[in-house]
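Please read it alongside the sequence and the model displayed below.

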Amino acid sequence: MKRVFTFAVALLFIGSLSAQFAIPVKVHDNQIDVKSVVPRVLVAYFSYSGQTEYVAQRLAIYVGADLYRIEVAEPYPEDKDLLVARAKKEVESKEMVKLAGKEVDLGKYDVVFIGSPVWCGQWNMAALNFASDRRLDGKRVIPFLTAGRDNTRLLDNIREFAKTSDVTGGFCLSGDQLKKENEVDMVIFDCLKRNKLAHKVSFGNVAFTDMAVLKSIENMLARYPKITLCDIYKSYYQDAFGPGHMIPSVSAAKKAIKNELKMSNGKTVGCEPTGALGRYTRVDLAYIKEKKIKIDDYVDLVMSGVTDNSDKDMKEWEREWNFVISVIERYGIKIEGYDKDRETIMNMWKNGNYVMHHSRIFNESYNPHYRLIPTDAVRSLGFR
């Protein structure tokens, strides 16, 4: 399912965090202990057509959660008549569908979202089987559904299976709502607000929460212990603007990539999402060297992410970045050279410049060679 992200940002305050979110973050050797600040969240989902998966991915980004796809031992048939017949049989008999796939360590999560499409007027039985797992006992469970029409009334049906869990208000997205990205966001935001899992968000087609920012910075520090604030800024800027500021033309892009391929023999980044929302993905040039993708196809994918940001209000970008800064400072995240780098960024803005390069220490330590490709395109390639 192809989704197009836009970058209009209008920060809104939607309520204070619960008391458990007020504990200062613990930092050990530049590693964030996010669990000391916010609950660990898992988004588990069953998806057949991809709609529920899309909602789960979006929800996971906004709440800073891990994703887990619920798999069945006997795959559902592609034939529509056979699919409906099997789904109807499972629903009517309340047959527990045997699950497959990698086990998930439920013990480390405080909150678990469980998602499913509505089949034959009911939850998919694989999702309900997952909800009955005794390892969810005492945990907070938040259900969500995707359906042809509004089936909010079905959300509570999960209680019959998640008997000893604390089931709280979830959401259901209808087919009409799923066609409109803004509506999907607003329903998700409303759920996060009701469950006190969001602090600040920005409306439009993008959203930030404390947890999403914390999770993204935790991931950056885990991958790059020597990362600086300037490098974090670069990642967020790339997430908002894509590769356009660096690419004058297709021929120039191809020439630069060919030249850089000769130098890309260091530690690779593989595939790495940008910022907190992962609108773009850094895709290592090594994939070209390893012949997993042709250079012309690689360049085409990079160019597909080039957008005209000439009319973007840079004050919006400043508000977006300042929200990131507020999270870093509110939770006491320690980053080497923070004060100096923050001053560098402010002086850069005063001179009308917003583009940041990687820091010297980042280049020397990690030798990055990559380009930005829209994340939807990267998923279609199957890269990890």
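Leu42 has Val112 as its bridge partner in β8. In β5, the bridge partner of Leu42 is Asp66. Strands and helices here are DSSP runs numbered from the N terminus, with at least two residues (E) for a strand and at least four (H or I) for a helix. Strands count as paired if DSSP finds at least two bridges between them. Between β4 and strand β8 (residues 111-119) there are five bridges, and the two run parallel. Strand β5 (residues 66-69) is joined to β4 by four bridges, also in parallel.

The model is predicted: local features need pLDDT of at least 70 and side-chain atom pairs count only at pLDDT 80 or more, while totals for chains, interfaces and linings use all residues. Residues are numbered from 1 along each chain as its sequence is written, and side-chain values use heavy atoms, with hydrogens and water left out.

Strand β4 (residues 41-45) is mostly covered, with five of its five residues buried; buried means under 20% relative accessible area, exposed over 50%, and partly exposed in between, for a 1.4 Å probe and protein chains only. Val41, Val43 and Tyr45 point to one side of β4, whereas Leu42 and Ala44 point the other way.

In helix α10 (residues 295-304), the buried residues are Ile295, Tyr298, Val299, Leu301 and Val302. Viewed down the axis of α10, these residues fall within an arc of 160°, so they line one face of the helix; the arc is that of the directions from the helix axis to the C-beta atoms. They pack against α8 (250-261), β15 (280-284), α9 (286-289), β16 (370-374) and α14 (375-381).

Helix α11 (residues 314-330) has 17 residues and should span 24 Å at 1.5 Å a residue, which agrees with the 24 Å between its end C-alpha atoms. The expected span is 1.5 Å times one less than the number of residues. Among the buried residues of α11 are Met314, Trp317, Trp321 and Phe323. After α11 comes Gly332, which has a positive phi near 65°.

Met314 belongs to helix α11. Leaving out residues up to four places away in sequence, Met314 touches Tyr237, Phe241 and Tyr354, where contact means heavy atoms within 4.5 Å. Met314 and Gly352 lie 38 residues apart in sequence, and their C-alpha atoms are 9.5 Å apart.

## Nonpolar cores

A nonpolar core is a set of buried Ala, Val, Leu, Ile, Met, Phe, Trp, Tyr and Cys residues joined through side-chain atoms within 4.5 Å. The largest core has 40 residues, of which Tyr233, Tyr236, Trp317 and Trp321 touch the most other members. At least two residues of this core come from each of α6 (210-223), α7 (229-241), α11, α12, α13 and β16. A second, separate core of 35 residues includes Tyr68, Ile70, Ala127 and Leu155.

## Individual buried residues

| Residue | Relative accessible area |
|---|---|
| Cys191 | 1% |
| Ser359 | 13% |
| Cys271 | 14% |

The count of disulfides, defined as pairs of cysteine sulfur atoms within 2.5 Å, is zero. Ser359 sits in the loop between α12 (338-350) and α13 (360-366). Apart from neighbours within four places in sequence, Ser359 is in contact with Thr228 and Asp231.
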